[in-house]
Amino acid sequence: MSKSTGCCQGFLHYAFDYETPKTLIIPSIRVGFVFRFTQFLLLLYVVGYVCVVQKAYQDRESVISTVTTKVKGFAFTNISNMQPRFWDVVDYNIPPQGDDSFFVLTNMVMTPGQTQSRCPELPTPSTTCVDDCDCVEGYNDPRGNGIQTGLCENYSSTVKTCEPTSFSLLAEAENFTVLIKNSITYPKFNFHKRNILSHINSTYLKTCEFNRQTHPDCPIFRLKHIVSEAGEDFQDMAVKGGVLGILIDWSCDLDWWARKCYPKYTFRRLDNKHPVNNVALGYNFRFAKYYRTAEGEEVRTLIKAYGIRFDVIVFGTAGKFGIVPTIVNLGAALSFLSLVSEDVCYWFILTCMKKRDLYSRQKSTFSTKVPR
Amino acid sequence: MSKSTGCCQGFLHYAFDYETPKTLIIPSIRVGFVFRFTQFLLLLYVVGYVCVVQKAYQDRESVISTVTTKVKGFAFTNISNMQPRFWDVVDYNIPPQGDDSFFVLTNMVMTPGQTQSRCPELPTPSTTCVDDCDCVEGYNDPRGNGIQTGLCENYSSTVKTCEPTSFSLLAEAENFTVLIKNSITYPKFNFHKRNILSHINSTYLKTCEFNRQTHPDCPIFRLKHIVSEAGEDFQDMAVKGGVLGILIDWSCDLDWWARKCYPKYTFRRLDNKHPVNNVALGYNFRFAKYYRTAEGEEVRTLIKAYGIRFDVIVFGTAGKFGIVPTIVNLGAALSFLSLVSEDVCYWFILTCMKKRDLYSRQKSTFSTKVPR
Amino acid sequence: MSKSTGCCQGFLHYAFDYETPKTLIIPSIRVGFVFRFTQFLLLLYVVGYVCVVQKAYQDRESVISTVTTKVKGFAFTNISNMQPRFWDVVDYNIPPQGDDSFFVLTNMVMTPGQTQSRCPELPTPSTTCVDDCDCVEGYNDPRGNGIQTGLCENYSSTVKTCEPTSFSLLAEAENFTVLIKNSITYPKFNFHKRNILSHINSTYLKTCEFNRQTHPDCPIFRLKHIVSEAGEDFQDMAVKGGVLGILIDWSCDLDWWARKCYPKYTFRRLDNKHPVNNVALGYNFRFAKYYRTAEGEEVRTLIKAYGIRFDVIVFGTAGKFGIVPTIVNLGAALSFLSLVSEDVCYWFILTCMKKRDLYSRQKSTFSTKVPR
């Protein structure tokens, strides 16, 4: 038989004949039971864990989100070194736009009337220098290479530091509330939702306040509640400031038989105050209000603002039945299943069965007339 | 034969002998056709859906992006209760930095000359209190626990509310344009690109304006166009404000034979105004400009700003041929394929073929000399 | 035999009998070697690439992060057309809050004393109009449809443009430092960490400065260092501005035997200045400081700020051993492995072995008594 004829015949065979593995049936209840039991365990894993728990048959996508926030509340301060003063949202909420990150001022060090001038020998309230002494009665060691003028260094010996007092100025801030509007999108699944759920009406929104038990869907949060759920004390945190995360989990199951898609709120302090590693604590920043005197000179009021920055962090993935992950996971699991159960049974036959030699001989035939 | 010898011989066999399944060839065109047809269908799925449509052979990574925006345009207002006034980007664009979220003021309620003082019996323009009455001629119910002073409550009976008029102040804002500069990175694939494509030159950038048909690559957008593509009316939206998403989809195919990586722009209103659930509509925030009188007293002009916040949301995943997903998906698909086609054929033989008993007997041999 | 009995017997067989493929053992060293070698190569791939390099046995999750930044440093300017002036963080850092995106002003064009008035025939420093001439001694072509007043167009012929000089105002800004506090979360793995690692104490934090070799964990960065690592020159960049990305890679291996989770910092210029396509270069924005004159008129100082915006971009995925990806990848790889090695050997036998017909005949039996 020439090679070409064999090849041609081979092709015919290949194209038109159905080739199926020859099998040996071992009619032993013990082996059969081991085989079925192994299969059962693996099937249980596939159905139970892969499909029910992990939902590996789903296509996944990460959330796209937009957040607007609105803080409300008033405070009144009447402390010794400041005039009596009302505080509304415009004064304590920075930046005012209501992004996904908003800051509520709770404490401050104010240095009014700073002008661009050299430091005098004796610091007076009206003339302080901007460069290296940024609080009225103190010397703040400037990190980095600040311009050190001889005059200013003179009163670095004053004891009083720039640190704020141990009580917060706007203690009432704990009763401020914030309305969080969050709208999410899963573009791949063309799914849009917002955290003001469809059953919430204007009347409810005017009176409700978030509470995990009684009002889990209310998008209005009392600041004190947020902080205490994060395991912190508002008044402690208000003195030195901090960063608090409002985490909104939008993990969704978008299959038509599930359709579970609700926001889950959790709160966590993000600038963790590790007992051993408590460096760079708190949260503060400096800003200024600029004025102009009648003579046209620029004057500024420097404010070192301490407070809590609330970061609204939206995360989550949505899953929806997809044919590719189903095939991939099912195919992989089934082939793993058949491989494993096959091997387990063969091992069982070779070790535990009396007639192992008989089975072995019947299963595998040596190719004859082939020298070893 | 002792166990040890069998084991040793088993090992030799295991290591050096090649064990291949014995097969039975059924030379029936019908069975062969069923087998090939099943294989063809599954192959079609693997090639067509998994590879071409889903590109499951690719490694994937989410986009990392940075956005700068620049709004341009002027407006002129000449309404009864305000002086004639020009508005440029500095006045209506808040914050000014041009982040991925920018706000264009379209309407406002201004309360000039607020000072820190108690409310008088009769409110006059020069002296209004900050705490619980934040528009000149109205009473705004403060949510939460505002400080209620008896005097202020007196004029809560005035009819005029703080709401702005039903026409927007800066109607001309619809003709403002915004230049969006977006630079993206896929770190895993070391791929960088920006939305100002390489064929765009300075001359084109000076004259072009985004249009899905004629100028799909121009990164300059007219605000009116954005809003109308989102299915909204600019003038309607301008009165109460809103949030509008500029979604940039950077889904990329980075394989060398494809190299498709262009931004796709879509626009969507994000604070959806559901007809039934129209609570917490619009978008506004309050901010203040602080002044100082000649006597050194702080005065502020409170502005309740209504407008459209544009959020530039960049998303997308890039895919590039990867050996691991290829193997995983191909392996899983092929093993699923062989399992399924095997089972389909066997079922076909057992149900449709006349000689099913013959085939069955030839395929599977019972282990002999084993009592049932 | 009736169909029903056959079916019943078939079910018994199916349920209780163990069916195993019959195999043919070919005791040829050559074939065995090819088979083992193919298997070895594929196993090497599975173990080496899939498990060690790609860690395909891991569940993955994207990072959730929060960033606070604090810039420090002072500058002193003494240029001809401006008074001697000190600059501190409040003056050059916009916005002041220290978000994940902060801007350091390095150059500016200032237009003081703008009031709302019509343009005079001859522009004088005290009276300039806001609408279409936004620098004192120049004409800036307003993109879009600015309101063109006849008077203003008159001095569009002046040669001097609004562009800043070729040297930057705050050249000293290169020595400013920034402290980046970054706290990350992997919610699925309940893992939290921050970039101020546990071995960093307050003393170290007061003196250290990031350096890839000597201080790779110090979270304080000198701006010049950032820019130069990104391959740019600070002074060049300071003139026209730009956007610089501080990329923090939190790719983590959270398996208990690995536990590698450290931030990796890289720096990249994000507004790439392509030599051919250098349109829309740099980064600048306009903002204003508003004053009120003694007569109650609003005056503003318009500032066109050039500078470097630093975007802190946090990315990364964490991986942790998961049973589902392990099964999926292992199952797929193994089934692929057995398919491929089977086929390779069969091809080897059919092409390279002398006794190919013998083997072929012994492996595959034709179903007898079946007409072709």
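The structure is a predicted model.

For chain A and chain C, a turn of 119° and a shift of 0.1 Å along the axis give an RMSD of 0.3 Å.

Chain A may then be considered by itself. Nine helices and 18 strands make up its list of secondary-structure elements. The chain has 372 residues, and 53% of them count as buried. Its accessible surface amounts to about 17,200 Å², and carbon and sulfur atoms account for 59% of that area. Where contacts in chain A join residues at least 6 apart in sequence, 66% of these contacts are between residues at least 24 apart.

Two stretches of chain A carry an annotation from a record. An unreviewed UniProt entry assigns the label "transmembrane region" to residues 33-52 and to residues 310-328 of chain A. In the model, residues 33-52 of chain A are 100% helix and 0% strand, and the C-alpha atoms at the two ends are 26 Å apart. Residues 310-328 of chain A are 32% helix and 58% strand, with 42 Å between the end C-alpha atoms.

Thr38(B) belongs to helix H2, which comprises residues 29-53 of chain B. Its relative accessibility is 11%, so Thr38(B) counts as buried, the limit for that class being under 20%. Apart from neighbours within four places in sequence, Thr38(B) has contacts with Ser341(B) and Val344(B).

Another helix shows how buried residues can be arranged around an axis. Helix H9 of chain C runs over residues 356-363, and its buried residues are Leu358(C), Tyr359(C), Gln362(C) and Lys363(C). Because these residues cover an arc of only 125° around the axis, they lie on the same side of H9(C). In general, an α-helix has 3.6 residues a turn, so residues three or four places apart point the same way. What do the buried residues of H9(C) pack against? Their partners in chain B are strand E1 (18-21) and strand E2 (23-26). In chain C, the partners are strand E2 (23-26), helix H8 (323-352) and strand E18 (364-366).

Two loop residues of chain A complete the account. Asn175(A) lies in the loop between helix H4 (150-153) and strand E9 (177-186) of chain A. The unreviewed UniProt entry places the annotation "glycosylation site" on Asn175(A). With a relative accessibility of 27%, Asn175(A) counts as partly exposed.

Asp217(A) is found in the loop between helix H5 (202-207) and strand E11 (220-222) of chain A. A relative accessible area of 25% makes Asp217(A) partly exposed. Beyond its neighbours within four places in sequence, Asp217(A) is in contact with Asn195(A), Leu197(A), His199(A) and Ile200(A). With His199(A) there is also a polar contact of 3.1 Å between the side chains. Asp217(A) and Tyr262(A) are separated by 45 residues in sequence, while their C-alpha atoms are 8.7 Å apart in space.

Definitions and conventions. Residues numbered from 1 in each chain as written. Chains lettered and ligands numbered in written order. Predicted model: local features only at pLDDT ≥ 70, side-chain atom pairs only at ≥ 80, totals over all residues. Heavy atoms only, no water. Buried < 20%, exposed > 50% of the residue type's maximum accessible area, 1.4 Å probe, protein only. Helix = DSSP H or I, 4+ residues; strand = E, 2+ residues; numbered from the N terminus. Arc of directions from axis to C-beta. Contact = heavy atoms within 4.5 Å. Least-squares fit on C-alpha atoms with pLDDT ≥ 70 in both. UniProt positions renumbered as here; feature names shortened; annotations may be inferred. Areas by Shrake-Rupley, 256 points an atom, 1.4 Å probe, with all protein chains shown as cover. Polar contact = N/O pair within 3.5 Å; in protein donor to acceptor, adjacent residues only side chain to side chain.
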